[in-house]
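Q: Could you go through this model with me? I'd like to start with the aromatic side chains and then move on to the charged ones.

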Amino acid sequence: MLTDRPTKLVPPVLAKMAAWCLCLILVGVVVYFFVQGIARLSFVALPVAIALLLTALLFPLTRSLRDAGMRPIYATWITMLVALAVLSGTGWLVGARATEEFPNLVEQVQSTARDVQNWLITGPLHLKEAQITSYVDEIATMVNAQRTAITSTVLTAGAVAFEVLASLVLLLFVSFFLLKDGDRIWSWFLRGFGSMEPRVDRAGRAAWTTLSHYVQGTVAVAAVHGLIMGIVLAGMGVPLWAPLAVLIFFASFIPIVGIFFAGTIATLVTLGAKGPVYALIFIGILVVEQQLENHVLQPLIVGRALNFHPLAIILVLAVGGILAGIAGAAVAVPVAAVIYRALPELVHKPAALPPVPAPPPDPPPGAEAGDKDDSPSDTE
């Protein structure tokens, strides 16, 4: 009777709501401490996350080399060397173009600034030169006021350089061993789950498939985006077109926010170097190309791995940015996609196998002998 009193005193609906609230509170506490642990271990967690993305991108090359008969260690080394060669070549191209074109950019910006100043004085606004000078002085004062903060930021960045280098070394080591021994590492990892091993295995394979499709598709879309915008900038004669194309490529890994940031920088450089007409033309081409990317490339290439609503993407980016800055925003969407695809495989039970049919009943005694006696003999 005592066990029936709570259900009689509390309405069933309220009891269910209380149970759900308790479950949500427990889940929230677990998630909070998990996030706090990841934040404290960001020095390790972030390189490992980036290494997983890099492995998902490079593994097709390693698998092709293995299928061709090459040993895993050699296939892994060749894959890593190819990746480093591509990154080094891109860095050299960007550095060479920046060193060659930066003085030209400064001259063009100065020329554009003089043209804008003349337009403000002689154009429809009819501003006075003293007013323009006061605006320039105000901007210079603001920059000087922030000089201390900028200097301290540079010093802090120099102090963090060692941590960045250590993270890069860890990233390369993790990527190398994931490419070489990923299957054995996964088999060893599954041993600790006992009866849950089939579910964890299915969830892990679904997560890896989703991650591979997302990373490879995103790289393809970003490459097309950066190539087209680089050709447009080079055709317009904009200085630093190669660094801007690389910036657009990397910014494409952060949905919605990244292209807005890179497009703004490219537009400002175009405005300073070539004037407002070219800047407006660049914005128009950027908007058209972005629409084609969102409605054609993304659904065809990345849509099979990620089908999030833009609001969900914005929220995921915000959470990732708050927790780990720019790097967190870059890995937030693939992490959310992996969790979204892996959870159903982890929760749902596998389909039950059909029942094994019962064996036919044994024949009655003497039936086989009778059959043999009735059958004609070979001698006849």
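Q: Is F59 buried or exposed, or something in between?
A: This is a predicted model, and in it F59 counts as partly exposed, at 22% relative accessibility.

Q: How many aromatic pairs are there, and which ring does F59 pair with?
A: The count comes to six aromatic pairs. F59 pairs with W208 in an edge-to-face arrangement, with 6.5 Å from centre to centre and 80° between the planes. Because F59 lies in helix 3 (residues 42-67) and W208 in helix 7, the pair ties together parts that are 149 residues apart in sequence. W208 is itself partly exposed, with a relative accessible area of 30%.

Q: And what about W186 and F189, how are those rings arranged?
A: Their centres are 5.5 Å apart and their planes lie at 25°, so the W186 and F189 pair is stacked. Both residues are in helix 6, three residues apart, which means about one helical turn separates them. W186 is partly exposed at 25% relative accessibility, and F189 is also partly exposed, at 38%.

Q: Which rings form a cluster?
A: W77, F176 and F177 are linked into a cluster by ring pairs.

Q: OK, charges now. Which residues make up the salt-bridge network?
A: The network links K180, D181 and R184. D181 bridges to K180 with the closest N and O atoms 3.2 Å apart, and D181 also meets the side chain of R184 at 2.9 Å, N to O. R184 and D181 are three residues apart in helix 6 (residues 147-190), so about one helical turn lies between them.

Q: Are D181 and R184 buried or exposed?
A: D181 is buried, with a relative accessible area of 13%, whereas R184 counts as exposed at 56% relative accessibility.

Q: How many salt bridges in total, and what does D201 pair with?
A: The count comes to three salt bridges, and one of them joins the side chains of D201 and R205 at 2.9 Å, N to O. D201 and R205 both lie in helix 7 (residues 197-236), four residues apart, about one turn of the helix. R205 counts as exposed, at 52% relative accessibility.

Q: Where does the charged end of K274 sit?
A: The charged end of K274 sits over the ring of Y278, 5.4 Å from the ring centre.

Note on methods
Residues are numbered from 1 along each chain as its sequence is written. This is a predicted model: local features need pLDDT of at least 70, side-chain atom pairs count only at pLDDT 80 or more; totals for chains, interfaces and linings use all residues. Side-chain values use heavy atoms; hydrogens and water are left out. A salt bridge is a side-chain nitrogen of Lys or Arg within 4 Å of a carboxyl oxygen of Asp or Glu. Buried means under 20% relative accessible area, exposed over 50%, partly exposed in between (1.4 Å probe, protein chains only). Helices (H or I, at least four residues) and strands (E, at least two) are DSSP runs, numbered from the N terminus. Rings of Phe, Tyr and Trp (its six-membered ring) pair if their centres lie within 6.5 Å; planes under 30 degrees apart count as stacked, over 60 as edge-to-face and the rest as tilted. A charge sits over a ring if NZ of Lys or CZ of Arg is within 6 Å of the ring centre and within 35 degrees of the ring normal.
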